[in-house]
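Subject: Structure handover

Hello,

Please find the structure below, with the sequence. My notes on what was found follow it.

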Amino acid sequence: MILRLFIFALSSSVALSNPAPLQPGHVAVIYNSASQKSRELAEFYAMNRRIPVANLVGLILPEEETIDREAFERRVRDPLREEFTKRQWWTLGKNQNGVLIAASNKIRCLALMKGVPLRITRSEIPAGEAQSKGQFLEINEASVDSELAVMGIHGLPIGGPIANKYFNKEIPFIQMPTPYLLLVGRIDAKSYLTCQRMVLDALDAEEKGLWGKTYLDFALKGGAFAIGDKWLEGITKRSLASGFPTITDRTKDTFVTNYPMSDAAIYFGWYTFHRNGPFLNPKLKLQRGAIAVHLHSMSAAQLTDPSKNWSAALLESGAAATLGNTWEPYLQFSHNFDIFHDRLLKGYSLAESASMAMNAMSWQNLVLGDPLYRPFKNNGKQPEDMNESKEYKILRMAHEHWTDSKMRNGKLKGAAERMKSGILFEAMAWEALEAHDYDNASKQFLLAEDSFVSRPDQLRQILNQVELERRRKDPEKALGLLKIAVKKFRDLPQIKAAQAQIVILDPPAPPATKSKK
């Protein structure tokens with residue numbers, strides 16, 4: 001009855017308009033015809049996305065993740081160009097500068113399957129190509145995906161990045177007057193089983209919605225690296241405003257080992273070379289359809305070993321999609337997380353959102369996941385089934401309906417008390433914490449701890465209060481809370497999170513040095 005009354009109060013919510021989506025017919029599926037599994041994955045994806053069978057393209061390729069420039073051009077790019085011409089997908093012409101380009105194109109997106117190489121090694125600068133002492137112009141290693149995105153332009157120099165005309169746009173890609181550019185996404189991971197799961201999870205989340213919490217891990221690096229934290233700051237504000245429970249780690253340390261990251265639908269973080277923190281826990285499973293990205297150079301240098309780098313690890317933890325880099329991209333030529341998150345929330349596809357967030361092409365980036373995936377295609381629409389993930393749906397709908405925060409929080413507080421909902425209390429606590437309303441946040445965290453049944457969730461409320469006290473510059477109180485947590489939850493694997501924070505706040509004395517005789 002409580003839930004029905006709450007939903008009735010929201011029934012006048014106005015549905016938000018969504019951008020015109022890419023259609024299955026706009027997608028060409030590329031697979032390695034030398035691999036039976038790669039072909040089967042292509043057929044599986046096409047069947048589930050209803051992509052015409054005529055849009056599948058098999059190329060005879062080496063089953064290696066890394067190839068050289070000559071092999072890329074001879075075995076990947078040039079045969080694919082020939083297929084586009086033979087199948088009459090595009091027409092070629094010369095622009096005003098005499099450059100041969102695609103003047104029209106029926107295909108606007110490539111979906112690369114596992115089995116297609118993912119990165120190209122550095123090669124000698126070709127004769128006749130302008131040389132420069134500038135560091136970027138002499139860099140010609142790249143991701144296969146980013147090079148294929150510009151295959152509609154012939155004769156491009158291979159060194160350095162190329163400006164992306166779709167960067168920071170806010171229109172559907174099919175409306176872009178750039179038939180010579182392609183969106184590129186890749187369904188690739190440690191195993192073909194994971195690849196199939198990524199496809200099915202995307203479809204499931206599109207139908208039912210992506211519900212859960214947002215976790216953001218700031219680096220606080222400052223200086224030239226401050227832009228990365230600025231991106232996360234934008235996500236924080238937008239996530240809270242959209243009704244996502246949003247948990248932020250604003251310390252220089254990443255989320256600590258075995259941090260109890262429950263119901264994670266969205267994760268953005270940086271900056272360690274290999275997976276760490278909660279992603280070391282083999283039992284961690286992200287929400288179905290989750291978007292999880294970690295900013296680091298060469299985060300997708302390989303996809304077969306989840307213990308190394310980040311992209312493979314995030315996918316094995318249950319993410320349906322992630323972004324990565326095959327080689328050193330440099331921060332200014334990395335995906336802008338803030339734009340990526342914004343476009344996803346506005347209903348754009350994974351491939352569109354990622355491309356709008358990237359200012360460079362012919363560079364190092366990868367988009368891993370179903371390129372057509374639209375996790376928020378139904379934003380603004382009242383969910384048909386309110387029983388599953390009901391508290392997350394209540395939060396989202398409340399933020400869409402009540403713009404006045406005082407009124408909204410009053411309604412949510414009443415619902416949280418009646419439902420005894422730890423999820424609602426924790427969400428309101430974090431909103432208060434980010435607004436620097438520390439006393440209110442502390443009260444809500446205590447109510448959340450009392451309301452949660454799950455002990456890992458109860459432990460997280462103490463860790464939340466530790467974060468609060470660290471922001472209040474009271475490390476002694478934070479340390480006291482951690483010691484209480486260790487006693488209360490010593491039997492949980494997640495207690496490593498509290499133990500790790502104790503070491504951070506109260507590091508042990510260095511070992512005594514041996515005296516020389």
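The cover over the buried residues of helix α15 includes α14 (455-471) and α16 (495-505). Please keep in mind that this is a predicted model.

Helix α15 itself runs over residues 475-488, 14 residues in total. From its first C-alpha to its last it reaches 20 Å, close to the 20 Å expected at 1.5 Å a residue. Its buried residues are Ala478, Leu479, Leu481, Leu482 and Ala485. These residues lie on the same side of α15 because they cover an arc of only 160° around the axis. Glu476, Ile484 and Lys487, on the other side of α15, are exposed.

The next item is a sheet. Three strands form an open sheet in the order β3-β7-β8, and the pairing is mixed. Its edge strands, β3 (66-67) and β8 (142-143), each pair on one side only. Strands β3 and β7 (residues 119-120) run parallel and are joined by two bridges. Opposite threonine 66 stands arginine 119 in β7.

The last item is a single residue. Threonine 326 is found in the loop between β15 (322-325) and α8 (337-345). Is threonine 326 buried or exposed? With a relative accessible area of 0%, threonine 326 is buried. Leaving aside residues up to four places away in sequence, threonine 326 touches Leu118, Arg119, Ala142, Ser143, Met298, Ala300, Ala301, Gln364 and Leu366. Among these contacts is Arg119, the residue that stands opposite threonine 66.

Regards

Methods
Residues are numbered from 1 along each chain as its sequence is written. This is a predicted model: local features need pLDDT of at least 70, side-chain atom pairs count only at pLDDT 80 or more; totals for chains, interfaces and linings use all residues. Side-chain values use heavy atoms; hydrogens and water are left out. Two strands pair if DSSP finds at least two bridges between them. Helices (H or I, at least four residues) and strands (E, at least two) are DSSP runs, numbered from the N terminus. Buried means under 20% relative accessible area, exposed over 50%, partly exposed in between (1.4 Å probe, protein chains only). Contact means heavy atoms within 4.5 Å. The expected span of a helix is 1.5 Å times one less than its number of residues. The arc is that of the directions from the helix axis to the C-beta atoms.
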